[in-house]
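Let's take a walk through this structure together, one piece at a time. Keep the 3D view open as you read.

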Amino acid sequence: MLLQVLGTAAGGGLPQWNCACPGCTGARAHPARRRRHAALAVRTGEDRWYLVNATPDLGDQIEATPALHPGARSDVGSDIRHTPLAGVVLTDAELDHTLGLARLREARDGVDVVATPPVRDAVREGLRLDALLEPYTAVRWRELPVDRGPSPAVDRGSPPTLAPGPSPTVTPGLPLGEDAAGIHVVAVPVSAKRPRYAAGTGPDTDTWSVALRLTEPATGRTALYAPALAVWSDAFEAAARAADCVFVDGTFWDDDEPVRAGFTTRTATAMGHLPITGPTGTAHRLTGLPGRCLYTHLNNTNPLGDPHAEQHKSLAEWGLEAATDGMVIEL
Ligand SMILES: [Zn+2]
């Protein structure tokens with residue numbers, strides 16, 4: 001499995017256009033610290049790639065990634081409008097993960113978008129991106145299957161029987177692209193938080209924000225991508241344990257960071273992002289996992305935005321790391 005890290009910043013990016021916090025000021029002074037909005041590209045076949053989330057930086061992210069450039073295929077001849085980009089998978093409907101869809105209006109063969117039903121409906125009816133793009137290109141939606149993990153055992157109070165219980169069900173993945181042997185994707189629910197623009201619309205459901213489990217059947221390799229994580233559920237724990245590589249919500253270093261920074265009165269947890277450190281933090285859970293673990297979706301207030309910050313040493317001691325833009329991961 002081949003993954004390209006296209007961006008590692010939370011909403012606003014680093015620097016954020018209207019922010020003068022130390023992180024943003026530092027990124028203006030030191031361009032190497034700049035981070036684009038969090039996104040991945042995953043190779044789904046020979047010169048075929050899917051994006052994970054379509055950010056406002058989509059155009060720059062494609063230009064910064066030669067594998068996503070047009071003309072990468074040898075068999076396209078004089079077809080100058082060929083693209084290796086086959087589609088987009090959405091983890092949620094937040095603006096920083098969906099606005100890039102509008103940048104794909106030039107897509108000659110349409111755009112394949114994979115999402116859960118509430119995310120699809122928010123993009124179609126809230127953002128009206130389908131209606132916006134319709135005169136230019138076709139948006140083809142496919143439903144992202146959801147895996148809620150094995151059902152908890154039910155104690156019926158009756159004597160045990162010798163009959164075997166139902167075996168744990170494994171939700172089959174949705175094949176991305178035309179090659180069924182390529183990459184399969186399944187959603188693991190992580191948050192019922194919907195975007196603010198979708199307040200009051202659609203159902204209350206745990207599939208507003210999901211982690212993606214990407215599996216390559218040919219090799220058995222698995223990656224888990226969770227740019228937002230509101231709760232560490234049993235299903236997420238199981239998916240993380242089985243993954244060769246885990247990308248996790250690194251929005252905030254600690255729970256009080258957003259309050260200290262002065263832009264909100266809500267803690268990280270209240271904003272739907274488990275912090276990295278502290279009693280509810282994700283670091284101590286990740287250190288026990290067998291796979292490689294990287295933080296992504298860093299807010300501009302997160303001290304990890306400074307490559308010289310002491311916090312990087314702590315991460316390294318725990319066997320963890322912060323993902324960086326342009327990173328290539330081969331599993
Ligand atoms: Zn800032």
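**The open sheet**

Start with the sheet: 7 strands make an open one, in the order S6-S5-S4-S3-S2-S1-S14, and the pairing is mixed. The edge places go to strand S6 (139–143) and strand S14 (328–330), each with a single partner strand, so one side of each has no neighbour in the sheet. On average, neighbouring strands here are turned by 25 degrees against each other, direction ignored. (Axes are lines fitted to C-alpha atoms, for helices over the stretch in contact, and angles run from 0 to 180 degrees between N-to-C directions.)

Before going further, a word on what you're looking at. This is a predicted model, in which local features need pLDDT of at least 70 and side-chain atom pairs count only at pLDDT 80 or more, while totals for chains, interfaces and linings use all residues. Residue numbers run from 1 along each chain as its sequence is written.

Helices (H or I, at least four residues) and strands (E, at least two) are DSSP runs, numbered from the N terminus. Two strands count as paired if DSSP finds at least two bridges between them. A residue is buried if 20 or more other C-beta atoms lie within 10 Å of its own, exposed if 12 or fewer, and partly exposed in between, with C-beta atoms placed from the backbone.

Now look at strand S1 (residues 2–7). Buried residues make up 5 of its 6, so S1 is largely enclosed by the rest of the structure. On one pairing, S1 meets S14 in the antiparallel sense over 3 bridges, and there Gln4 stands opposite Val328. S1 also pairs with S2, again antiparallel, over 4 bridges; Leu3 has Val42 in S2 as its bridge partner. From there, strand S2 (residues 39–45) goes on to pair with strand S3 (residues 48–52) in the antiparallel sense over 5 bridges, with Ala41 partnered by Leu51 in S3.

Next comes helix H4 (residues 117–126), whose buried residues are Pro118, Val119, Arg120, Ala122 and Val123. Those buried residues pack against helix H3 (95–98), strand S5 (111–115), helix H5 (129–133) and S6. Just after H4, Arg128 takes a positive phi of about 55 degrees.

Strand S9 (residues 209–216) pairs with S10 in the antiparallel sense over 5 bridges, and Arg213 has Leu224 in S10 as its bridge partner. The hairpin of S9 and S10 has 4 residues between the strands, and in it Gly220 takes a positive phi near 80 degrees.

S10 also pairs with strand S11 (residues 245–249), this time in the parallel sense over 4 bridges. Ala223 has Cys245 in S11 as its bridge partner. To get from S10 to S11, the chain crosses through helix H6 (residues 234–241), and this β-α-β crossover is right-handed (with the strands pointing away from the viewer, the path from the first strand over the helix to the second runs clockwise).

Finally, step back. The protein chain has 9 helices and 14 strands, and 44% of its 331 residues count as buried. Its C-alpha atoms fill a box of roughly 70 × 45 × 40 Å, taken along the principal axes.

Methods:
Two residues are in contact if their C-beta atoms, placed from the backbone, lie within 7 Å.
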